Amino acid sequence: MHIKDITEFNSAKVKITLDNGIAFVLYKGDLSKYKIEIGEIEDDIINEIFGEVLPKRALDRSLKIITGKDLTCGELKKKLEKDLYPEDVIEETLERLKNERLLNDERYIRLYIESKSAKKSKRDIMSALYQKDIDLNLAEKIFDELKSDGSLSSEEDLIIKLLHKRHYDFENASFEDTQKQIKYLCSKGFSYDSIHSVLKGGEYSI
């Protein structure tokens with residue numbers, strides 16, 4: 001194995017790039033400990049770094065990140081990638097945390113949907129979960145399960161609640177105000193059918 005480059009990562013660490021393109025980070029003190037320099041490096045040292053040192057540090061780093069927080073696998077993966085842990089080490093760490101139930105995307109999705117469903121449309125909820133690198137197929141499945149067992153408010157109920165909060169007068173609203181509310185509800189991700197279902201009894205057609 002050949003070390004192609006060694007550059008500063010931060011005040012305490014260096015980035016090491018191998019000739020196969022793989023890069024990882026070690027403490028500056030590790031350079032002397034493992035006699036690391038540009039050029040050839042012994043296989044035993046590489047095996048120790050990838051098999052013991054980096055996995056332990058990735059796990060320790062992950063536990064510090066998730067302590068007191070509820071993160072998705074995707075969010076934690078991004079943080080470990082930012083720290084330049086190799087892909088294999090990251091996947092091994094995530095798998096271990098999932099097996100120990102310290103990471104659980106299904107639990108995260110379920111709690112997130114239940115907590116947000118009284119205020120946000122399905123589209124907004126799914127958009128937020130997408131930003132957290134959640135498997136949207138799994139999120140859709142859990143959303144449908146929660147909806148079918150009555151755990152979630154209907155879109156119509158949410159629309160009515162929002163319109164009351166915005167002081168919409170269902171009986172006497174002007175055409176302009178109705179159109180304004182329709183535009184607002186569409187921007188919040190509610191479906192045209194749900195909006196129509198709530199407002200169809202009013203004086204103005206949508």
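**Close-up 1. The second largest pocket of this predicted model has a volume of about 170 Å³.** Of the 13 residues lining this pocket, Lys122, Phe143, Lys147, Ser153 and Glu155 are the closest to its centre. Helices α6 (122-131), α7 and α8 (155-165) each supply at least two lining residues, and α7 gives the most, with three. By class, the lining divides into four nonpolar, four polar and five charged residues. Here Ala, Val, Leu, Ile, Met, Phe, Trp, Tyr, Cys and Pro count as nonpolar, Asp, Glu, Lys and Arg as charged, and the others, Gly among them, as polar. A pocket is an open set of points on a 1 Å grid over the protein atoms alone, where a 1.4 Å probe fits and protein lies on both sides within 12 Å along at least five of seven lines; lining residues have an atom within 4 Å of a point. Grid points are joined across faces, edges and corners, and the volume is the space filled by probe spheres set on the points.

A few notes apply to every view. Residues are numbered from 1 along each chain as its sequence is written, and side-chain values use heavy atoms, with hydrogens and water left out. As this is a predicted model, local features need pLDDT of at least 70 and side-chain atom pairs count only at pLDDT 80 or more, while totals for chains, interfaces and linings use all residues. Helices (H or I, at least four residues) and strands (E, at least two) are DSSP runs, numbered from the N terminus.

**Close-up 2. The largest pocket has a volume of about 220 Å³.** Its lining consists of Lys13, Val25, Leu26, Tyr27, Arg57, Asp60, Arg61, Lys64, Asp83 and Tyr85.

**Close-up 3. Helices α5 (residues 105-116) and α7 (residues 136-148) cross at roughly 50°, and their axes come within 10 Å.** Axes are lines fitted to C-alpha atoms, for helices over the stretch in contact, and angles run from 0 to 180 degrees between N-to-C directions. The two helices are therefore oblique to each other; angles under 35 degrees count as roughly parallel, over 145 as roughly antiparallel, 65 to 115 as roughly perpendicular and the rest as oblique. From α5, Glu106, Ile109, Arg110, Ile113 and Glu114 meet Leu138, Ala139, Ile142, Phe143, Glu145 and Leu146 of α7. These contact residues divide into seven nonpolar, no polar and four charged. Contact means heavy atoms within 4.5 Å.

**Close-up 4. Helices α5 and α6 pack at an angle of about 145°, with axes 11 Å apart.** On the α5 side, Tyr108, Ile109, Tyr112, Ile113 and Lys116 meet Ile125, Ala128 and Leu129 of α6. Seven of the contact residues are nonpolar, one is charged and none is polar.

**Close-up 5. Lys132 sits in the loop between α6 and α7.** Which residues does Lys132 touch, not counting those up to four places away in sequence? They are Thr72, Gly74, Glu75, Tyr108 and Tyr112. Leu26, 106 residues from Lys132 along the chain, has its C-alpha atom 28 Å from that of Lys132.
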